[in-house]
Amino acid sequence: MFEFEASILFSDKKYDILTVGELLIDMMTTEYDDSDQCDTYRRLFGGSPSNIALNAKKLGLRPLVASSVGDDGFGRFLVEQLQQADIATDLIQRVDDSTSMVVVTKSVATPIPIFYRGADCQLAYTTGLTDAVVNSKIVHFSCWPISRVPSRYTIESVMDTVRKHGTLIGFDPNYHPMIWQKGENGIDYVKSIIGKVDIVKPSEDDAERLFGKASPERYLEHFLELGAKLVILTLGKDGAIVSNGKETIAFDSLATQVVDTTGAGDAFWSGFYAAIVKGYPLKQALSLGFAVSAYKLKYTGAIVDLPHLEVIKGGIAVFYHEDEVRAIDNRCPHLGFPLHLGSVCNGMVTCHWHHARFDICSGGTLDPWADDVPAYDVKVESEAVWVSSRPRNIGNAEKLKHRLREGLEQNIGIVIAKAVIGLVESGVPVDEIVRIGVTFGTSQGNGWGAGLTILTAMRNVLPKLDVSGRILALYHGLVQVARASSGRAPRHLLGALPSSPASTERLMEWYRNCVEVRDTQGAEKVLLTAIAKRATSEQLADMMLISVTDHFYLDGGHTFDFHNKAFEALEDLGDSLTEPILASLVPLLGSPTRSEELHHWQAPVDLVTPLRQAFEKLQQPPTSEQSDQLDEQAFVEQLLSDKAIETVDQLTRLLLGGAAPERLAQLICLAAAERIVRFHTQNEFGDWIAVLHTFTYAHAVHERLRRSKEPLLGRALYYGAMSIYHDRFLNVPRAPKPKPASGRSYAPEELLELMDRRQQVDEAASWVAGYLSEQRDPQVLLSTLGLSLLREDAEFHTFQLYEAAVTEYDHWDTRSDVFAKQAKETCLLACARYLAAHAPSARELPHTAKIAWRLYRGERLFEEE
């Protein structure tokens with residue numbers, strides 16, 4: 001589960017970390033005195049989980065604390081400290097007992113505490129705590145709450161909830177016999193907990209109390225044998241050793257000054273948690289945790305003002321050239337090669353890795369695929385050279401936006417990746433980033449296409465992804481826009497009709513007539529006139545989509561799908577982009593395939609005539625005939641049958657009987673997803689696209705009918721139903737229903753490992769079936785499936801598939817009945833099977849993004865021998 005070079009996957013939740021346990025007073029001596037003879041003490045905020053929460057807040061996380069304090073002055077002090085740090089105190093329970101306290105002698109070694117237990121062990125399990133667990137990425141606790149009841153029962157309930165929702169558990173096995181009831185075997189209980197959590201961080205003293213005297217390596221073995229998945233054993237001045245059961249890594253101590261060791265472990269936890277939540281690879285996250293701990297050691301008390309979580313590497317290169325001293329950052333901004341190993345000639349520094357060239361004075365680059373290198377002011381006084389610690393050419397959000405535009409214009413992936421990472425990390429709203437891509441894409445080439453559709457789809461799924469996933473999603477979408485536009489001439493809009501008095505209804509009629517005869521220029525002028533006359537987005541959508549549905553299943557569903565995505569982008573990005581977005585759709589109508597002209601829509605079963613007859617019936621006034629009642633299961637089975645005419649008739653009766661088109665569209669989409677679940681791998685590989693087209697088209701129709709009440713759009717339901725009919729032979733033979741896989745841990749990484757091998761379609765489906773049967777968190781699964789998509793060089797249809805499956809899942813998730821539960825499982829199985837069929841790839845794009853991410857963090861991509 002824990003690979004040292006990989007990041008830990010989290011789904012997006014309200015809180016980054018929930019700490020459960022002691023909130024207490026640390027009564028610390030004001031002087032160093034290991035003999036317990038000090039007379040003066042200072043009241044400090046304390047309690048390991050609470051310390052971690054406070055530190056985590058300073059490092060940029062969203063923490064929450066669940067604890068209990070006495071209704072006394074100490075309790076109020078502790079609550080006020082949390083409130084001042086802007087940490088919610090809703091889960092801090094006030095109980096009829098004294099606030100707990102630990103008396104600590106300030107020490108440069110391991111402090112010897114004296115414990116006064118009271119309110120901390122009275123923490124009760126509540127519905128509020130359940131909600132907090134479900135909505136947190138990480139849950140952390142220590143030995144304190146499990147050492148007494150009722151707080152022990154509370155922790156047991158927390159762990160039961162965690163197992164159902166895939167939350168990561170960190171446990172500090174800081175066992176000390178003094179905090180347990182006399183005569184109670186606390187050691188055995190602590191050992192029983194270790195196999196139920198994910199990460200443990202014992203100190204060498206903790207390990208000795210639990211296992212007796214042994215070597216550090218043997219301590220690691222003990223914890224791993226008990227079921228720990230990641231063991232972080234701290235060794236004081238000797239650093240730490242960390243094992244995931246397959247590999248063990250040693251870390252040197254980073255401490256340069258030790259003033260007080262109190263809270264050093266808590267500082268590690270907070271730095272480590274901040275790093276893994278922010279997407280750092282595990283090995284680097286551990287280093288950052290130790291760096292935060294070393295920083296804390298320089299100060300008294302468990303809580304100190306922590307620095308920003310960042311790694312600064314590379315240094316500054318100072319050159320003496322042409323009788324001048326110049327200073328620039330030593331890392332080539334392209335891929336990190338040390339510039340001091342390059343060459344300097346005629347005022348230009350040349351990197352020897354990819355030959356990027358930089359002005360030694362300004363840091364500006366001559367090569368569009370590289371970035372400007374930071375340059376520093378230099379002052380020479382006597383024989384001393386002083387270099388400013390701050391570069392002159394500091395980047396900002398506007399500069400990053402400019403670089404993103406340049407990357408799109410030049411179709412340079414590494415430039416796009418760096419700009420996206422910088423913008424996201426700078427807190428720029430994602431819609432501002434997407435807007436840049438959509439503005440560029442709609443101004444180039446032949447109009448709306450696959451690239452802009454991918455970008456919009458990825459924007460829609462961002463809430464399902466963690467930070468690194470969101471960056472990858474935006475990067476994929478923007479790169480696809482750049483590729484689709486590369487080498488294309490800019491588009492110039494024609495302009496609206498001058499002061500036309502035509503009504504919106506007349507303009508809609510004109511637009512349909514232009515589309516009918518494939519007159520895209522006339523259609524564009526009519527569209528722009530309707531926009532100029534302030535037609536609403538709903539009117540514009542109906543005008544355009546009525547024209548799209550005047551003919552059957554245009555271009556295999558792509559035309560409707562692209563229109564839907566364009567209107568979704570318009571909803572998110574605002575009316576200022578109405579003209580370029582909608583005008584970019586018009587070229588799609590110049591020469592699309594009209595399916596009523598295709599042989600397989602006319603023979604061996606004539607579908608065209610029954611559909612036209614059905615459309616005529618829908619235009620007639622409603623009758624008093626008895627309408628069909630919608631049986632969802634029976635309707636889906638009818639859609640999957642080989643009786644096309646019966647399907648048309650039933651759909652017509654349901655619509656005439658008042659069935660909601662939106663609901664029928666959702667069921668048609670579900671039937672299309674079922675085709676993917678039943679798709680047998682004996683079919684030709686290219687046939688995956690056929691069932692994919694039907695599903696994504698049906699999803700687009702569902703999304704449009706959720707927003708529109710226009711009756712003519714109901715024709716799109718029939719096209720989707722008939723496409724499902726045409727796909728029927730791709731379910732002969734039918735793929736067997738997935739059975740839960742046995743012998744699986746159902747950790748998300750296990751599914752990703754499956755998809756590292758080709759054609760693990762049925763295996764992936766069985767894994768998902770088992771994961772769901774264990775009642776694991778489906779949101780974690782959706783996030784994992786998203787990562788499996790984004791780590792590939794995925795093609796257009798795979799992006800479509802994932803976004804459609806995620807969105808349809810969310811629609812069914814608003815219901816809790818048995819049918820909805822089955823529908824959600826169908827969406828997840830369809831998604832997993834399709835993704836597994838199309839993995840792995842060369843993974844070139846994600847590799848470029850990883851390089852950009854490492855450069856942003858200050859890592860070295862090149863190391864001197």
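**Reading loops, sheets and surface in a predicted model**

Q: Asn411 lies in the loop between helix 11 (397-410) and helix 12 (413-425). What is the phi of Asn411?

A: This is a predicted model. As a general idea, most residues other than glycine have a negative phi. Here the phi of Asn411 is near 55°, a positive value in a residue other than glycine.

Q: Is Asn411 exposed or only partly exposed?

A: Exposed requires over 50% relative accessible area, and buried means under 20%. Asn411 has 29% relative accessibility, so this residue counts as partly exposed.

Q: Where is Asn346 found, and what is the phi of Asn346?

A: Asn346 sits in the loop that runs between strand 16 (343-345) and strand 17 (348-350). The phi of Asn346 is near 55°, again a positive value in a residue other than glycine. Asn346 counts as exposed because its relative accessibility is 66%.

Q: Which peptide bond involving Pro604 is cis, and which one involving Pro840?

A: Most peptide bonds are trans. In this model, the bond from Ala603 to Pro604 is cis, with omega near 0°. Pro604 belongs to the loop between helix 20 (578-583) and helix 21 (608-619). A cis peptide bond also joins Ala839 and Pro840, where omega is about -5°. Pro840 is in the loop between helix 31 (818-837) and helix 32 (844-857).

Q: In what order do the four strands of the open sheet stand?

A: Strands of a sheet pair through backbone hydrogen bonds, either parallel or antiparallel. In this sheet the order is 14-15-19-20, and the pairing is antiparallel. Strand 14 and strand 20 each have a single partner strand and stand at the edges, so one side of each has no neighbour in the sheet. From one strand to the next, the twist averages 25°.

Q: How many bridges join strand 15 to strand 19, and how many pair strand 19 with strand 20?

A: Strand 15 (residues 324-329) and strand 19 (residues 375-381) are joined by two bridges and run antiparallel. Ile328 has Ala375 in strand 19 as its bridge partner. Strand 19 pairs with strand 20 over five bridges, in the antiparallel sense. Glu381 stands opposite Ala384 in strand 20.

Q: What do strand 19 and strand 20 form, with how many residues between them?

A: They form a hairpin with two residues between them. Ser382, in the turn, has a positive phi of about 55°.

Q: Which residues form the nonpolar patch on the surface?

A: In a regular strand the side chains alternate between the two faces of the sheet. The patch consists of Ile316, Val318, Val380, Val385 and Val387, with about 370 Å² of accessible area together. Strand 14 (316-321) and strand 20 (384-391) are the elements that give two or more residues to the patch. Val385 lies in strand 20. With a relative accessibility of 43%, Val385 falls between the cut-offs of 20% and 50%, so Val385 counts as partly exposed.

Q: How many helices and strands does the whole protein have, and why is the protein called as compact as a globular protein of that length?

A: The protein has 32 helices and 20 strands. Its radius of gyration is 31 Å, close to the 29 Å that the globule rule gives for 865 residues, and therefore the protein is as compact as a globular protein of that length. Along the principal axes, the C-alpha atoms fill a box of roughly 100 × 75 × 50 Å. Of the 865 residues, 57% are buried.

Technical notes
Residues numbered from 1 in each chain as written. Predicted model: local features only at pLDDT ≥ 70, side-chain atom pairs only at ≥ 80, totals over all residues. Heavy atoms only, no water. Patch = residues over 30% accessible without salt bridge, like charges linked within 9 Å, V, L, I, M, F, W, Y side chains within 5 Å. Areas by Shrake-Rupley, 256 points an atom, 1.4 Å probe, with all protein chains shown as cover. Salt bridge = Lys/Arg side-chain N within 4 Å of Asp/Glu carboxyl O. Buried < 20%, exposed > 50% of the residue type's maximum accessible area, 1.4 Å probe, protein only. Pairing = 2+ DSSP bridges. Axes fitted to C-alpha atoms, helices over the stretch in contact; angles between N-to-C directions. Rg over C-alpha atoms; globule rule 2.2 N^0.38 Å.
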